[in-house]
Amino acid sequence: MHPVVRKAVFPLAGHGTRFLPMTKSSPKEMLPVIDKPVVQYVVEEAVAAGIEQMVMVTGRGKRAIEDHFDISYELEDVLKKKNKHALLSELQKISNLAQILYLRQKEALGLGHAVLCAELAVGDEPFAVALGDEILDGPKSGIEQLMEAYRELGAPVIGMQRVPLSEVSHYGIVAGGEIRPGLFRVERLVEKPRIEDAPSDFAIIGRYLLTPDVFDILRTQRPGVGGEIQLTDALNTLAANRPVYALEIKGDRFDTGDKMGFLKATVRFALKRPDLAEEFRHFLAATLGKEGSSSLGDGHDAGRFVAR
């Protein structure tokens, strides 16, 4: 029987330079997709998977994240007085979503360093890692898919998805032997390879299920690509000493830290909202013309707007 996964680490200290000037004063994870910040979608995914404790690794300028998940007594009081009970209930759900612990990453020294910052909070337990600017939309949450694989394999599992070969140099790429369709035993992870050097078209995405032995490696990990402590380097070391797996995550992935990914996420979730879908679809059809109108479909068909 493998230990239960109760905790998830959210590395949130990045600067969000791709969204400047907006992110000069507001965290990229707080960008709204419709009426919820991106990071709330990710926290809700973790809660749906059964995660009990969220460990958020933040940095300077990220206080808005803490405020969002906290109780807002003044605002709640205003809503009560105005009899806006539905909005009040929505706010209270946010502050009661999960137990959240906040830690500071004083310097943005890489994803591996951000995970290491959470060591004391995680302790000697398996844990999930979820990047706070990646939203997954599918029949089952990405974290839940990784947890199922972990319960079967009892080893670290990395989330992956196929990407066009033209994009492999933007990702960590998985090399390994296929155990069954969509599941690989990792031989190595190659960080942002050239197209001609890429071992596959399977890219690491922002979901991991890790075991605490990765902390021992991260503590002595030397800086890698970009002068940062790379999580992929630590996982390569781990894979050389024990089984590490990579699972193809089913569902559409939106990198909301990228402008196009953010726009696609907005379209997808707007078309899934009963209160917005019809009017928004008419707006898109009018904007795109007859050709666009014929390709919009219904809310469940919004995936044609998604390019991973």
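Me: With which residue does R268 form a salt bridge, and how far apart are the closest N and O atoms?
Reply: Side chains of opposite charge can pair when their charged atoms come close. A salt bridge here is a side-chain nitrogen of Lys or Arg within 4 Å of a carboxyl oxygen of Asp or Glu. In this predicted model, R268 forms a salt bridge with D137, with the closest N and O atoms 2.6 Å apart. The pair links distant parts of the chain, R268 in helix α10 (residues 259-271) and D137 in strand β7 (residues 134-137), 131 residues apart; helices (H or I, at least four residues) and strands (E, at least two) are DSSP runs, numbered from the N terminus.

Me: Is R268 buried or exposed?
Reply: Buried means under 20% relative accessible area, exposed over 50%, and partly exposed in between (1.4 Å probe, protein chains only). R268 is buried, at 5%, and D137 is buried at 12%.

Me: Which residue does E45 meet in a salt bridge?
Reply: The side chains of E45 and R207 meet at 2.8 Å, N to O. Both E45 and R207 are buried.

Me: What is the relative accessibility of E52?
Reply: E52 is partly exposed, at 45%. Its side chain meets that of R6 in a salt bridge of 3.7 Å, N to O, and R6, K7, E52 and E125 are linked in a network of salt bridges.

Me: On what basis are these values computed?
Reply: Residues are numbered from 1 along each chain as its sequence is written, and side-chain values use heavy atoms, leaving out hydrogens and water. Because the model is predicted, local features need pLDDT of at least 70 and side-chain atom pairs count only at pLDDT 80 or more, while totals for chains, interfaces and linings use all residues.
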